[in-house]
Amino acid sequence: MPRKAKEYPEEGEFVVATVKNIHPYGAFLTLDEYPGKEGFMHISEVAPTWVKNIRDYLKEGQKIVAKVIRVDPEKGHIDLSLKRVNQQQRKAKLQEYKRAQKAENLLKMAAEKLGKDFETAWREVWVPLEEEYGEVYAAFEDAAQNGMDVLKGLISDEWIEALKPIIEAYVEIPTVTIDAEFEITVPKPNGIEIIKEALIKARDRANKEKDIEVKFSYQGAPRYRIDITAPDYYKAEEVLEDIAEEILRVIKEAGGEATLIRKEKRIKKVKKRGS
């Protein structure tokens, strides 16, 4: 079970917790990411409406995402809330927790290769990477995308060498895909050929860049769709602007018209294979 490098959660932090004991006035929960730590949730923090029976909302052994509303390290008190967690926050926290589980499994593989126990791995790798990146899997993603050298100075060369093939084989790099549409018309007998040539040249030029993939598809006259996949949103936007500028220039010179219609960005993941 992944655990945080710090001893106590912070006020306002979202945590994964397991319901331990339920009482008429509230419930005690263990904090999954903070071994040995418990939190208390008053019945008034269970739901936004009046709660007659707390067991209608909580069960022993149930895992939930809760918000930390008060922390008193001196007394060891941690107060939690369920009603202050919305669906989007719950989803984001569970995704973070799953990423931590993946990172833990990969680190265990590296520790096994080196003949070290996980406590040593946690102390020598997990703690420094979490302190630097906020989460360990983010450090692994950075190494997968930009090379293992990004971890130098944070963990030892021994760990870097052990982690290298594991990260290359198993870490998924998040990428951003944005799509847009062009409305293009060229009022000439060979107008379709002019448009096709402009799109192909723009696509091929963009695809020469590292980690960039551009695809065009015909949506029905006069619309053409473009999908751009890049390491991050800003790079994708930069490529789209360059392509749009080139297409608009070529079409204008040919006596036609072109308009760019923006769409929404999408997130996907691509598994990195090999170095």
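Is K37 buried or exposed? With a relative accessibility of 15%, K37 counts as buried, because buried means under 20% relative accessible area, exposed over 50% and partly exposed in between, using a 1.4 Å probe and protein chains only. Before going on, keep in mind that this is a predicted model, in which local features need pLDDT of at least 70 and side-chain atom pairs count only at pLDDT 80 or more, while totals for chains, interfaces and linings use all residues. Residues are numbered from 1 along each chain as its sequence is written, and side-chain values use heavy atoms, with hydrogens and water left out.

So where does K37 sit? Look in the loop between β2 (26-31) and β3 (38-42); helices (H or I, at least four residues) and strands (E, at least two) are DSSP runs, numbered from the N terminus. Leaving out residues up to four places away in sequence, K37 touches E7, Y8, L29, T30, L31 and I78, where contact means heavy atoms within 4.5 Å. Y133 is another matter: 96 residues separate it from K37 along the chain, and their C-alpha atoms are 24 Å apart.

One of the bridge partners to look for is M41 in β3, which goes with A27. β2 and β3 make a hairpin with six residues between them, and in the turn G36 has a positive phi of about 85°. Most residues other than glycine have a negative phi, and most peptide bonds are trans.

What does the record say about this stretch? UniProt lists residues 12-83 as "domain: S1 motif", in an unreviewed entry; its positions are given in the numbering used here, feature names are shortened, and annotations may be inferred rather than shown by experiment. In the model, residues 12-83 are 0% helix and 50% strand, with the end C-alpha atoms 13 Å apart.

Further along come two helices. Helix α3 (residues 136-146) packs against helix α4 (residues 157-170) at an angle of about 90°, with the axes 9 Å apart. Axes here are lines fitted to C-alpha atoms, for helices over the stretch in contact, and angles run from 0 to 180 degrees between N-to-C directions. The pair is therefore roughly perpendicular, the word for 65 to 115 degrees; under 35 is roughly parallel, over 145 roughly antiparallel, and the rest oblique. On the α3 side the contact is made by Y137, F140, A143 and A144, and on the α4 side by L163, I167 and Y170.

Now on to strand β6 (residues 172-185), which holds D179. D179 is buried, at 11% relative accessible area. From P35, D179 is 144 residues away in sequence and 44 Å away in space, C-alpha to C-alpha.

Strands β7 (residues 213-220) and β8 (residues 223-230) pair in the antiparallel sense over seven bridges, with V214 opposite I228 in β8. They form a hairpin with two residues between them. P222 is in that loop, and a cis peptide bond, omega about 5°, joins A221 to P222.

Finish at E257, in strand β9 (residues 257-271). E257 counts as exposed, with 60% relative accessibility. Leaving aside neighbours within four places in sequence, E257 is in contact with E183, I184, T185 and I251. E183 lies 74 residues from E257 in sequence, yet their C-alpha atoms are 7.9 Å apart.

Conventions: Pairing = 2+ DSSP bridges.
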